[in-house]
Amino acid sequence: MKIGIYVFSGTGNTLIAAELLAGSFRGAGADADVIKIENHTKNKSVPNLSKYDMIGIGYAVHAFDAPRPAYDFMRALPESPGKRLFLFKSAGDFFWNGGSSSKVRSTLAKKGFDVFHETLFVMPANVFMRYPDPVIKNLYTIAEKTAGKSAGEILSGARSLAKNGIFKRIFTRLFSDGESFGVKRLGRHMKVSSECNMCGVCWRDCPTGNITQGEARPIFDKTCCLCMRCIHHCPKYAITPLLKFFRLKVPYNLKKIAADKTIPDDALKNVTKGFFRRFRRYFEKQGLL
Ligand SMILES: Cc1cc2nc3c(=O)[nH]c(=O)nc-3n(C[C@H](O)[C@H](O)[C@H](O)COP(=O)(O)O)c2cc1C
Ligand code: SF4
Ligand code: SF4
């Protein structure tokens, strides 16, 4: 079995989820490739799905929905009647399973895909609130378990799709329509501090080609999807969005934290109060803690 995993990830969390899934598939004897969606959306190329028996599509949740590049990719896919497809998404919270996936599913259904499985990876938020390192590490170890469990279900062909009730759909619609209107404008007005040394990381890495090299500073155009990559990956942390509170006070490196043996990996098991108590209850219910 050969599986193609296509992923849109701004700051790396969903890419890590894709790699964990691929590792679990390979561990079970399947062959899996991880392909970045931007490799196709940036040059408007259509992926060759015929080499895969099954495909996965993953995205970072933005405003309870999928970000624009993920939709651009899905809309450009070839007609694929009956092709097996699983979804996965990463979100900073499990609230309402990261929003409704009904728009994503109907976009894919129009192409004929058989969308049969869906997984939510709860990952550290990359906006507003910087989770503490022990929580970040525990979310990583939970993501490893989530990947193992989901890969087993997907390979066995089990049908498992999140419920998208009417309130969830309305809520997602309201938020995501507002977000898609706002982000292009916000992305035009990124502020770059004097710390910038014109290293080029931001304009080389932007998944939507929104950044170009200016005379003394990078220049931002109007194709931003507010993925936060330029902000998080800038070596000088010199970029700030117009809405300052969007940016974490200190960025994090998920892989580095996950590999740090001095950080405990069971923080959520021990929380008895505060914001993360909800997380403990949620993961216990899922059998992941
Ligand atoms: C513009 C934007 C909107 C977001 N909206 C949500 C949201 O609605 N719900 C949520 O749980 N997390 C939300 N997040 C957090 C991300 O989904 C989460 O941190 C995710 O793991 C990031 O994945 P990535 O590193 O692959 O980009 C949002 C992040 C951004 C940048
Ligand atoms: S990544 Fe940061 S330091 Fe490098 S060019 Fe962009 S803003 Fe400047
Ligand atoms: S400008 Fe920055 S936030 Fe906007 S799409 Fe490019 S990398 Fe992402």
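Predicted model: local features only at pLDDT ≥ 70, side-chain atom pairs only at ≥ 80, totals over all residues.
Figure 1. Ligand 1 has 25 residues around it, and S9, G10, N13, T14 and A60 come nearest. Two elements give two or more residues to this shell: α1 (13-27) and β4 (84-91). The largest share, 3 residues, comes from α1. By class, the shell around ligand 1 divides into 12 nonpolar, 12 polar and 1 charged residues.

**Figure 2. Helix α1, from which ligand 1 takes 3 shell residues.** The helix has 15 residues. From first C-alpha to last, α1 reaches 21 Å, close to the 21 Å expected at 1.5 Å a residue. Is α1 largely enclosed by the rest of the structure, or largely open? It is largely enclosed, because 11 of its 15 residues are buried. The buried residues are N13, T14, L15, I16, A17, A18, L20, L21, A22, S24 and F25. An α-helix has 3.6 residues a turn, so residues three or four places apart point the same way. After α1 comes G29, with a positive phi near 95 degrees.

Figure 3. The largest core holds 58 residues. Within this core, I5, A17, L21, A70, M74 and A143 touch the most other members. Another core, of 17 residues, lies apart from it; C202, I211, C225 and M228 are among its members.

**Figure 4. Contacts of I5.** Leaving out residues up to four places away in sequence, which residues does I5 touch? The contacts are A18, L21, A22, A32, D33, V34, I35, G56 and G58. Two of these contacts, A18 and L21, are among the buried residues of α1. L21 also stands beside I5 in the list of core residues that touch the most other members.

**Figure 5. Helix α5 and what covers it.** Helix α5 runs over residues 133-156. Its 24 residues should span 34 Å at 1.5 Å a residue, and the end C-alpha atoms are 35 Å apart, which agrees. Buried here are I136, K137, N138, L139, Y140, I142, A143, T146, A147, S150, A151 and I154. Their cover includes α1, β4, β5 (114-122), α9 (254-259) and α10 (277-285). A143, one of the buried residues of α5, is also among the members of the largest core that touch the most others. Just after α5, G157 takes a positive phi of about 85 degrees.

**Figure 6. The shell around ligand 2.** Ligand 2 is surrounded by 14 residues. The closest are C196, C199, V201, C202 and C234. The shell around ligand 2 has 11 nonpolar, 2 polar and 1 charged residues.

**Figure 7. The shell around ligand 3.** How many residues lie around ligand 3? There are 15, and C206, N210, C224, C227 and C230 come nearest. By class, this shell has 10 nonpolar, 4 polar and 1 charged residues.

**Figure 8. I231 in helix α8.** I231 is found in α8, which covers residues 229-233. Is I231 buried or exposed? It is buried, because 23 other C-beta atoms lie within 10 Å. Not counting residues up to four places away in sequence, I231 touches I239, P241 and R247. N97 is 134 residues from I231 in sequence and 26 Å from it in space, C-alpha to C-alpha.

**Figure 9. Positive phi at two residues other than glycine, A63 and M228.** A63 has a phi of about 50 degrees. Its place is the loop between β3 (54-60) and α3 (68-76). A63 is partly exposed, with 18 other C-beta atoms within 10 Å. M228 has a phi near 75 degrees. It lies in the loop between β8 (218-220) and α8. M228 counts as buried because it has 20 C-beta neighbours inside 10 Å.

**Figure 10. The protein chain behind the close-ups.** The chain has 10 helices and 9 strands. Its radius of gyration is 19 Å, close to the 19 Å that the globule rule gives for 289 residues, so the chain is as compact as a globular protein of that length. Along the principal axes, the C-alpha atoms fill a box of roughly 55 × 50 × 40 Å. Of the 289 residues, 42% count as buried. Among contacts between residues at least 6 apart in sequence, 78% join residues at least 24 apart.

Definitions and conventions. Residues numbered from 1 in each chain as written. Chains lettered and ligands numbered in written order. Helix = DSSP H or I, 4+ residues; strand = E, 2+ residues; numbered from the N terminus. Buried ≥ 20, exposed ≤ 12 C-beta atoms within 10 Å, placed from the backbone. Contact = placed C-beta atoms within 7 Å. Core = buried A, V, L, I, M, F, W, Y, C linked by C-beta atoms within 7 Å. Near = placed C-beta within 6 Å. Nonpolar A, V, L, I, M, F, W, Y, C, P; charged D, E, K, R; others polar. Rg over C-alpha atoms; globule rule 2.2 N^0.38 Å. Expected span 1.5 Å × (residues − 1).
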